[in-house]
Amino acid sequence: MSEPRLRDGRSWNFNAPVVACTFDGEGVAAFALGDGTLRTISPSAHAPQTNELHKGAILSLAAHHTGGFLTGGDDGRVVHTSQTEPPREIASVKGRWIENVTTSAETDLVAYTASKTATILHGSQATTLTHPSTAAGVCFDPKGRRIAVAHYDGASLWWVKATDQQPKMLQWKGSHLGVTWSPDGRFLVTTMQENALHGWRLDDAADMRMSGYPSKVKSFAWDRRGKMLFTSGSTRVIGWSFTGRNGPMGREPMEMGPEREDFVQVVATHPKADMIAAGTADGAVWLESIGDPGAEFLLLDGGKITALAFSPDGSHLALGTEDGYAALAPV
Amino acid sequence: MSQVPVTVLTGYLGAGKTTLLNRILTEQHGKRFAVIVNEFGEIGIDNDLIVDTDEEIFEMNNGCICCTVRGDLIRILGGLMKRKDKFDAILIETTGLADPSPVVQTFFVDDDVKEKTKLDSVTTVVDAKNVLARLQDTNEAAEQIAFADQIILNKTDLVSADELAKVERRIRELNPLAPIHRTQRCAIDLDKVLGRHAFDLSRILDLDPDFLSADAHDHEHNSDISSVSLTASKPLDGDKVTAWLRNLLAEKGQSILRSKGILDIKNREERMAFQAVHMVMEGDFQRRWKDDEKRFSRIVFIGRDLDEPELQRGFAACVA
């Protein structure tokens, strides 16, 4: 097997699959691994710090809006890790996996999923929402007032503060996995078991089907203006425009980046510039400016890329692979 | 990266699946397993991983009306592959009343599952004492036997030799291909249960000693599941037989549970192997016929309400 060729930056071999990576608001990078550890590195540090957090694999990672990171594991625990305090377990569900964690800075909420439930945490107060089948994906709306949960045959929308409520059901047959709310609050989009996205315009629940992918879509990211949704699932990055009343309906999606033999696995969008990053199954990571074709390769032969994230100032890209290789590359 | 073999354990309620699982997990075998179960209860296991799940079945929107898959398995297998510590094998226990199709189809339909795992066998545990009664009063018991790549015929100490012979004849009517292992309290060598390569096209013949001699049995029974075996000694037209199989499975795939075949295609030096689970078929030219080997074609269908004369006619029309 060939060695990873990183154009510039620092790299590590963590010897366990990199499940996810992200940065917190302070620019600390975090890599969540299949051995239950979270490796964190602040911009000034020389070596990553190892935080032993979970018994099995970490399955989900999110930056916490108050600083530090949230992780969910296949040990059923949700843990908050910060640079200043020892890791703290904030929730635990016996015998279940925590496959998603997310936060809302706007309303100071945390949410996680376990089996058919999504639980919203506000301080020590917990509200558990139950669904007809496994809660496969979860996200807050941009204002943090509602929460969407993807499951079989659609998605459920709940108000985060209401008690004793029935969710609004957005229905579409099939298994919905990931979910994202458009930054302008007008659309909800899910990734599906089929090679497609499904979307709903929320004011009238009109359906939008975005298909044509050669493989399952596992990763998506909104551009910094919140108007384009970029996705994995093809040999190039596919971008759907959500401007106008009809969003992507009746328009061809945008294709970006070089045509590779293997599929794009992960996408990330630059927080300050019109730029996207993508990682492929054959171990390439590239950058390309939106509307200015010509990709710049940051990594080649890296093994299957499983995680990508831009730092908050956009100066660095964190990346990780299935084989446990991880790097921080200057952009 | 090598694919982790997966064994699916089915069997009607009380047949002994849990006993078999407990044996597998507590035996000293130096292997590391992940076991996916429904409601296992509390047992102390050091080395292995038990994952509790709810069977969640859904229909794929791919135009295939019978293509139901287990979404929970797709997620769990994906999660297991993220762990640093890998497994030698994965066992999936289905509930006693489950139809095995969705779990099996999951391994043909999802690309991530296909990349990281491979189905090793569907192993059905059958209770020698009660199976004839269950075949009378349920559909699932017959389906689980018909679907099996191998059968563990358990509780043989609770029946007489005559009864046992009768049970085996009945099993053979439903499934002429699967080897039968007789056991008491599910005592069986692990090596016999695991590592069967039942879905490996290159081993379809090697695997089933009965495949060559498999024959359709008399249909004097009250279940509607049966098997039909078709043979041709002349080479087949490759295009015709492919089209016939494709149409047949598209039309009748809901009632055809399993099919397997070795085909001698005209003007080809390699033999073709195929197998299907309902409508989901895979087939390929697989190896050269050996010089001293008798060339022939044989297909076995196991399913419900099979129309043998019609299958015979369709197959005969494919001879080149």
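Reply:

**Salt bridges**

Glu293(B) and Arg271(B) form a salt bridge, with their closest N and O atoms 3.6 Å apart; the term means a side-chain nitrogen of Lys or Arg within 4 Å of a carboxyl oxygen of Asp or Glu. This pair links distant parts of the chain, 22 residues apart: Glu293(B) is in the loop between strand E13 (280-288) and strand E14 (297-304) of chain B, and Arg271(B) is in strand E12 (residues 270-277) of chain B. Helices (H or I, at least four residues) and strands (E, at least two) are DSSP runs, numbered from the N terminus. Glu293(B) is partly exposed at 22% relative accessible area, whereas Arg271(B) is buried at 1%. Buried means under 20% relative accessible area, exposed over 50%, and partly exposed in between (1.4 Å probe, protein chains only).

The model is predicted: local features need pLDDT of at least 70, side-chain atom pairs count only at pLDDT 80 or more, and totals for chains, interfaces and linings use all residues. Side-chain values use heavy atoms, without hydrogens and water, residues are numbered from 1 along each chain as its sequence is written, and chains are lettered from A and ligands numbered from 1 in the order in which they are written.

Salt bridges with shared partners join Asp74(A), Arg32(B), Arg83(B) and Asp85(B) into one network. Within it, the closest N and O atoms of Arg83(B) and Asp85(B) are 3.5 Å apart. Arg83(B) is buried, at 7%, and Asp85(B) is partly exposed, at 32%.

Over all chains, the count is 44 salt bridges.
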